[in-house]
Amino acid sequence: MALTLAELLALPALTAADPRLVSGDPKRDVRWVHTSEIFDIATLLKGGEALLTSGLGLVAASDARMRAYAQSLIEIDVGALLFEVGRTFSEIPAVIADELRGSRVALVRLDGVVPFIDITESAHRLILDAESLTLRASDQATRRLMDVLVKGGGVSAVLSTLAELTGAPAAFIDAEGREVAASGTVPPNARELERPVEVFGERRGVIRSAAAVTADHRVVIDRGAAAVALELARS
């Protein structure tokens, strides 16, 4: 389960630091929050993290070394760099800001000095709580969809169940782009909740949903695509 960067920045522990998005997408997912002052931290990350730093490991670093630091975060696909100014640097080093601008790594300036442990604890608590809710949503979707398949409801019944679970219509679009079945009107540009349907390794189309893009809905549509694939394989 991930938070969006905007959700992370709205946490009280972070608002105390007066966060300001310098560059990047506030809708970028952040799957974990990490704090470190070491220069080669990227080798210890997996990607998608929000990295908190005061820049202590960059003191007296040359522009080339700072550029390499930023590039290492881009290469590992870190979600965001949250750079605290005030303790070590009075401003975010320009070379780092320039390097991250235009990349997928968001850059956030923190003007207030706050304990990083407060930020990580509150963020991780929220991530884990949300993950628990998403698992419950996944279990519920799986049970409902399997019940539909057992009763022989077919693709249309699967789509109707997806609509009930997400509160929005869903459609099955075949590999030629034709709408085969739907539980309502799904706009053609509703692509953020679109999942491929594959049967024995062959792509047979996609499930497309008009639901709001949330972690729970992503899981439900994933399960729906699997259910449609099972129904197509059976028929």
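## The largest nonpolar core

The largest nonpolar core has 25 residues, and those touching the most other members are Val158, Leu159, Leu162, Phe172, Val197, Ile207 and Val228. Two or more residues are given to this core by each of helix 5 (116–150), helix 6, strand 8 (170–174), strand 10 (194–199) and helix 7. Helix 7 supplies the largest share, seven residues. The model described here is a predicted one.

Valine 228 has contacts with Val155, Val158, Phe172, Val197 and Ile207, leaving aside residues up to four places away in sequence. Another core lies apart from the largest one; it has 23 residues, including Phe39, Val78, Ile96 and Ala97.

## Helix 6 against helix 7

Helix 6 covers residues 154–166 and helix 7 covers residues 215–234; their axes come within 10 Å and cross at roughly 170°. Angles over 145 degrees count as roughly antiparallel, and the two helices are therefore roughly antiparallel to each other. On the helix 6 side the contact is made by Gly154, Val155, Val158, Leu162, Leu165 and Thr166. Helix 7 contributes His217, Val220, Ile221, Gly224, Ala227, Val228, Glu231 and Leu232. By type, the residues of this contact are nine nonpolar, four polar and one charged.

## The antiparallel sheet and its helices

An open sheet of four strands has the order 9-8-11-10, with antiparallel pairing. The edges are strand 9 (179–182) and strand 10; each has a single partner strand, so one side of each is left without a neighbour in the sheet. From one strand to the next the twist averages 25°. Strand 8 and strand 11 (residues 202–209) run antiparallel and are joined by five bridges. Opposite alanine 170 stands serine 209 of strand 11.

Helix 6 packs on this sheet and touches strand 8, strand 9 and strand 11, and its direction makes about 140° with that of strand 8. Helix 7 lies across strand 8, strand 10 and strand 11, and runs at about 25° to strand 10.

## Leucine 232

Leucine 232 is a residue of helix 7 and is among those that make the contact with helix 6. Its relative accessible area is 17%. Buried means under 20%, so leucine 232 is buried. Not counting residues up to four places away in sequence, leucine 232 touches Val155, Phe172, Val197, Val199 and Arg204.

Leucine 232 and valine 108 are 124 residues apart in sequence, and their C-alpha atoms are 47 Å apart in space.

Five strands make up an open sheet in the order 2-7-6-5-4, and the pairing is mixed. Strand 2 (19–23) and strand 4 (32–35) are at the edges; each has a single partner strand, so one side of each is left without a neighbour in the sheet. The twist from one strand to the next averages 25°.

Within this sheet, strand 5 (residues 49–53) and strand 6 (residues 80–84) run parallel and are joined by four bridges. Alanine 50 is placed opposite alanine 80 of strand 6.

Note on methods:
Residues are numbered from 1 along each chain as its sequence is written. This is a predicted model: local features need pLDDT of at least 70, side-chain atom pairs count only at pLDDT 80 or more; totals for chains, interfaces and linings use all residues. Side-chain values use heavy atoms; hydrogens and water are left out. Axes are lines fitted to C-alpha atoms, for helices over the stretch in contact, and angles run from 0 to 180 degrees between N-to-C directions. Angles under 35 degrees count as roughly parallel, over 145 as roughly antiparallel, 65 to 115 as roughly perpendicular and the rest as oblique. Contact means heavy atoms within 4.5 Å. Ala, Val, Leu, Ile, Met, Phe, Trp, Tyr, Cys and Pro count as nonpolar, Asp, Glu, Lys and Arg as charged, and the others, Gly among them, as polar. A nonpolar core is a set of buried Ala, Val, Leu, Ile, Met, Phe, Trp, Tyr and Cys residues joined through side-chain atoms within 4.5 Å. Buried means under 20% relative accessible area, exposed over 50%, partly exposed in between (1.4 Å probe, protein chains only). Two strands pair if DSSP finds at least two bridges between them.
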